[in-house]
2 protein chains.
Amino acid sequence: MITRNLAHTDIFSEQAADMIHNTAMEVLEKNGIQILSKDARDVFAKNGAKVEGEQVYLSEELVMEQVKKAPDSFDIYARNPENNVTVGGNKAVLASGYGSPFVLDYEKNERRKSTYEDYVKFTKLIGYFDNMDVVGGVTVEPSDIEENYRHVKMMEAAIKYTDRCLMGSALGTKKAKESIELAAIAMGGMDFVKEHPVMITLINTNSPLKIDDRMSDALLVHAEYGQPMVIASLSMTGTTAPTTIAGALAQQNAEILAGITLAQLVNPGTPVVYGCASSVVDLKTGDLAIGSSKTANMFNGTAQMGRYYNLPSRGGGALTDALVPDAQSGYQSMMNFMNAVRSGFNFILHSAGLLENYMTMSFEKYIIDEEICSMVKNYFEGLEVNEEQLAKDVILDVGSGGNYIAEEHTYNHMRDLKEPIVSSREGYRSDKEQPDTATRANEMYKQILEEYEAPELDDKIVAEMEKYIDDIES
Amino acid sequence: MITRNLAHTDIFSEQAADMIHNTAMEVLEKNGIQILSKDARDVFAKNGAKVEGEQVYLSEELVMEQVKKAPDSFDIYARNPENNVTVGGNKAVLASGYGSPFVLDYEKNERRKSTYEDYVKFTKLIGYFDNMDVVGGVTVEPSDIEENYRHVKMMEAAIKYTDRCLMGSALGTKKAKESIELAAIAMGGMDFVKEHPVMITLINTNSPLKIDDRMSDALLVHAEYGQPMVIASLSMTGTTAPTTIAGALAQQNAEILAGITLAQLVNPGTPVVYGCASSVVDLKTGDLAIGSSKTANMFNGTAQMGRYYNLPSRGGGALTDALVPDAQSGYQSMMNFMNAVRSGFNFILHSAGLLENYMTMSFEKYIIDEEICSMVKNYFEGLEVNEEQLAKDVILDVGSGGNYIAEEHTYNHMRDLKEPIVSSREGYRSDKEQPDTATRANEMYKQILEEYEAPELDDKIVAEMEKYIDDIES
């Protein structure tokens, strides 16, 4: 969890935020939103929304009344209480890359389909470092596991190899329920889960202005159980959203608020996060431009709109268009991650490991991004200014032309500087081969996997989870 | 020049800034500052400062009276008026890496001493792109040119291969004057130069609390001619400054304000920039930690102290500890450069090309940093929110489940997205070798050097400069 001691920054005026709000309200009223789940449409209809076929028309009054019911901050509980987190305020909760179908084989310089083994490895890396607060989503797609129990196998691995907060399934009613039931085994039973958020789930819209049935059905389940959700628009400029960022923000706003309205209608006070999973597209080539500064600006605008509604927000991550953990991957990921924290996001998915926009996870990039997260965390701690830090007497003592190296004050504070993870400060040496960052990261992740020890977990929980999954599998 | 349309951010409270100010004032009064130049000491003495040996003691009253005389913003004039720049307000003027004794031979993966040929190559690269506003300092040290005329050879190259603003010499009285006289040849004569800033010069203190004679003598010359100077502290935490950042900022503040006081005493209203060239040191190894987040925080604090005195400020750059243009070089340079602009610096030296803190320039890193500068520039342009950008009618027209690709609005705006310089957005291809960023940069810089055409320059100016330099050389 990052605590942001420096101010967030806005990207546009309050008046511009009003314009985005008003555009979204007019869109929800005149075009409405297409809701593929009948159950979800029934919830809207029961609460007075006009429903015609799959189209649900929402008034500003209905939407704003519901949005006001969502909390501005909430906690998620982990099986180790030391790992509980707060989503809101000046906190940023981190989760690793999510959803990649591929893994980079750095040594062969090629990508391959990701597997369950990769999933476990990434889970262990997450557990080794302190930065990721939430684990257990689709860190990578385990393509070698059947879809009907993939979601619970992933959560089981998250519980076995870490003791952090979890992510739930967004794939329809049944899987959403199963993810909650499996978590309940590890969290001391369903009674606890009904009273405490123990996971967070990603509900994405299907832009433009549509929510598919899997997502809206899962939303109904998680809302019923009071489990937090990130309601995010997943649009692409120029294809599924306007190519102008302000337009994309307005359409996204309509979609997110429709989803949040649904969650609040089901269960008032359900914790939700105002989210953006949208991408800027380079229409000249059709490629995503995740690493472009306009993507960063779109995230700025999303965080600001979240604040506009007093809601926690999600966006950003260590995002890049680069194919390998090279310079581009470094500068784009740092821009996007630093911007995410500075914008004021409270939940930052994709904080570590991704390459090639969202397509590929890389073990090397994972290590590098842990460094980026640590640097940004350290940066936002800010600076202490007090007598001890100002060291006036030491300055007067050392005087003009003196040296601080032998001062007690220097000795007392020389360890204040954070140790890097994979960065090197070593100078050039003509007599020694000095590996680059990706090579160092490659060596480091293998070493960590060899050494990693998972936190303790009761054998009874392990057995109960296994049985639960066996029942689904068979 | 970057125009920052988004707000700057502060790192500490106004009260903390007061504490740094008060500490510096007490240090200047009790310890004073050691000034090695007799001429400079005489200026202080003549204006009522207590001088004992080389030590000059300054009262808060004297310092603040002088600091108030410095302008909060000023212009620098280039031989092409389109390249004039403003230093102050929400503008950030950029200059490339500065002072490196080495150049990276990327293909051989080794560093070597930099030469005049390297200097000319970097100058041409600066001229090719639009980001660097100021040129002609020690982009790299041309080790193959005698020191007595190295400064004018560098400026001559800057004038011949670009038409941007210049940097002057800080190496004592004679060289400072020569840099002004050479610039006068290109800028239409000394009368123009006396009335207009045509260059900016880096005056660094010799921490702790000392200014050497070369620097203070050069300061006297540039102040006399009304030429702008960056007065910067060049300290290292734990050796030539306290190891705590707040202490380093307090000591640096004393040094910078002493230099600014001297400049204003010589010529009230001399344009000065409040500068930081200081480094955080990792005392556990003795290595500089330029790429650490605490270096970035030190720059935040410097920019804030500049604002405290209503002065333009300098700091940051695309700084890294990495030895090669790898991932680390990317994430550290982006952090430092983005932070420099966000902090509100008005002059950002080291904006392109550096590796291994300040030791090595790299052609590949230069290209990569031009990309970083362009991205950050584009980022700080911010977002337009207006009816055209909001595209409400387009959103309503496309509707739920539609596609924007064939819309006229999409066509009209698809070129709004900035083209990358060296970043790639291309997806993975199993049938094609895809070079990494450093390899692409290596190819690109060679191509640019082959194609580069310098802006026009009158033959008479060329001949006059040659004659001027011949006279110094012989």
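Ile33(A) has Val56(A) of β4(A) as its bridge partner. This is a predicted model, where local features need pLDDT of at least 70, side-chain atom pairs count only at pLDDT 80 or more, and totals for chains, interfaces and linings use all residues. Residues are numbered from 1 along each chain as its sequence is written, chains are lettered from A in the order written, and side-chain values use heavy atoms, without hydrogens and water.

**Sheet in chain A**
- Strands β2 (residues 33–35) and β4 (residues 55–57) of chain A run antiparallel, joined by 2 bridges.
- Pairing requires at least two DSSP bridges between two strands. Strands (E, at least two residues) and helices (H or I, at least four) are DSSP runs, numbered from the N terminus.
- The open sheet has 4 strands in the order β3-β4-β2-β13 (chain A), with mixed pairing.
- Its edge strands, β3 (50–52) and β13 (210–211) of chain A, each pair on one side only.

**Asn131(A)**
- The loop between α4 (116–128) and β10 (134–135) of chain A holds Asn131(A).
- Asn131(A) is buried, at 5% relative accessible area (buried means under 20%, with a 1.4 Å probe and protein chains only).
- Its side chain makes a polar contact with the side chain of Glu370(A), at 2.8 Å.
- Another polar contact, of 3.0 Å, joins the side chains of Asn131(A) and Ser374(A).
- A polar contact is a pair of N or O atoms within 3.5 Å; within protein, one must be able to donate a hydrogen and the other to accept it, and residues adjacent in sequence count only if both atoms are side-chain atoms.

Terms used:
Buried < 20%, exposed > 50% of the residue type's maximum accessible area, 1.4 Å probe, protein only.
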